[in-house]
Amino acid sequence: MEDSDGTAASPLLEVRNVSKYFGNVVALKDVSLRVFAGEVTCLLGDNGAGKSTLIKILCGVHTADGGSYLFEGQELSLTSPRDALQRGIATVYQDLAMIPLMSIWRNFFLGSEPTTGWGPFRRFDSKLAARVTRDEMARMGIDVRDPDQPVGTLSGGERQSVAIARAIHFGAKVVILDEPTASLGVKQAGVVLRYVVQAKAQGLGVIFITHNPHHAYPVGDHFVVLRRGRVYGDYRKDEIDVEQLVQMMAGGEDLEQLVHELERLADDVEGAQPAAGDLADVAHTMSDEVGPGEDGDGHARRV
Ligand SMILES: Nc1ncnc2c1ncn2[C@@H]1O[C@H](COP(=O)(O)OP(=O)(O)O)[C@@H](O)[C@H]1O
Ligand SMILES: [Mg+2]
């Protein structure tokens with residue numbers, strides 16, 4: 001990101017060359033990521049690419065085996081998710097840890113209830129909680145008529161938005177959304193995407209994890225594609241269009257695997273079936289079409 005005078009703004013959160021191993025499994029290798037305030041950074045990649053491992057490092061669940069972590073320009077090593085949260089790095093998980101039968105405001109304040117009164121007269125200030133919940137949701141553009149309504153009666157998209165509003169209320173500077181649209185239909189995904197934009201508009205650094213380029217592209221400012229634990233591509237929005245992003249995703253694992261399967265199948269039936277030659281041709285043609293083009297070390301070319 002550049003200011004008008006051409007000096008680069010500094011990232012809110014940054015990791016440099018982080019690696020993570022699970023025994024022999026290299027989950028992440030030399031991954032770097034920069035997250036700016038007021039921007040949506042999309043983290044894309046197929047299953048097993050390393051997305052969850054990376055966010056677990058960002059939010060203090062895992063410690064990296066190598067590399068550095070900087071937040072607001074300071075190098076740090078997080079000791080726990082609570083440590084991350086206290087510094088303003090909040091994560092909204094897919095399974096939201098909400099209690100469906102409890103009201104929206106109770107869920108909003110779960111674990112950090114405001115109290116009124118003193119000593120033995122201290123009690124949970126439910127009026128304040130209900131008001132704050134309604135106000136915070138209104139800032140996200142959601143009209144909660146009745147904060148007493150059980151959270152379970154909200155749609156999936158609305159529940160995600162309660163979680164995002166809660167993170168913002170409790171002082172998050174970075175909010176990490178782990179596949180918030182994965183289990184939602186088109187309309188509900190749209191609801192969540194609106195709140196992603198709202199969070200960005202409030203100046204947060206948003207990290208949006210998804211494997212759907214069609215969800216990422218409209219809201220993202222910056223796209224980082226992981227493949228097999230490495231950064232396969234890192235683009236700002238003006239450097240890539242949605243078709244190229246789709247190609248990077250779809251042209252990856254799935255097609256490659258299909259090509260290998262077809263080749264194996266062609267080998268198996270070689271000689272036995274006249275169709276074998278055709279299969280080999282199909283596999284060959286497809287391998288020419290895989291991905292946007294790779295350089296020698298398996299990274300996508302900048303396009
Ligand atoms: N706790 C763990 N123990 C062993 N292997 C793991 C663990 N967590 C992740 N992995 C491996 O690391 C790789 C990346 O996984 P993950 O970060 O979950 O990918 P993604 O979220 O992109 O689907 C996978 O090969 C996965 O099997
Ligand atoms: Mg994952």
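Modeller: A definition before we start: a residue is buried if 20 or more other C-beta atoms lie within 10 Å of its own. Also, this is a predicted model.

Biologist: Fine. Which residues of helix H8 are buried?

Modeller: In H8, residues 242-250, the buried ones are Leu-245, Gln-247, Met-248 and Met-249.

Biologist: Switching to the ligand. Which residues surround ligand 1?

Modeller: The shell holds Phe-22, Val-25, Ala-27, Gly-45 and Asn-47, then Gly-48, Ala-49, Gly-50, Lys-51, Ser-52 and Thr-53. Two elements give two or more residues each: strand E2 (25-35) and helix H1 (51-58).

Biologist: Which element gives the largest share of that shell?

Modeller: H1, with three residues.

Biologist: How does the shell around ligand 1 split by class?

Modeller: Six residues are polar, four nonpolar and one charged.

Biologist: Where does H1 lie relative to the strands?

Modeller: H1 lies across E1 and E2. It runs at about 120 degrees to E1.

Biologist: What's the strand order in the open sheet?

Modeller: E2-E1-E4-E5, four strands with antiparallel pairing. E2 and strand E5 (74-75) stand at the edges with a single partner strand each, so one side of each has no neighbour in the sheet.

Biologist: How many bridges join E1 and E2?

Modeller: Seven, with E1 covering residues 13-22. Leu-13 has Val-35 in E2 as its bridge partner. Val-18 stands opposite Val-31 in E2.

Biologist: What about the turn in that hairpin? Which residue takes a positive phi?

Modeller: Gly-23, with phi near 60 degrees. The hairpin of E1 and E2 has two residues between the strands.

Biologist: And how many bridges between E1 and E4?

Modeller: Five, again antiparallel, with E4 spanning residues 66-71. Ser-19 has Gly-66 in E4 as its bridge partner.

Biologist: Last topic, helices. At what angle do H4 and H5 cross?

Modeller: Roughly 105 degrees, and the axes come within 9 Å. H4 is residues 126-139 and H5 is 156-169.

Terms used
Residues numbered from 1 in each chain as written. Chains lettered and ligands numbered in written order. Predicted model: local features only at pLDDT ≥ 70, side-chain atom pairs only at ≥ 80, totals over all residues. Near = placed C-beta within 6 Å. Nonpolar A, V, L, I, M, F, W, Y, C, P; charged D, E, K, R; others polar. Axes fitted to C-alpha atoms, helices over the stretch in contact; angles between N-to-C directions. Pairing = 2+ DSSP bridges. Contact = placed C-beta atoms within 7 Å. Buried ≥ 20, exposed ≤ 12 C-beta atoms within 10 Å, placed from the backbone.
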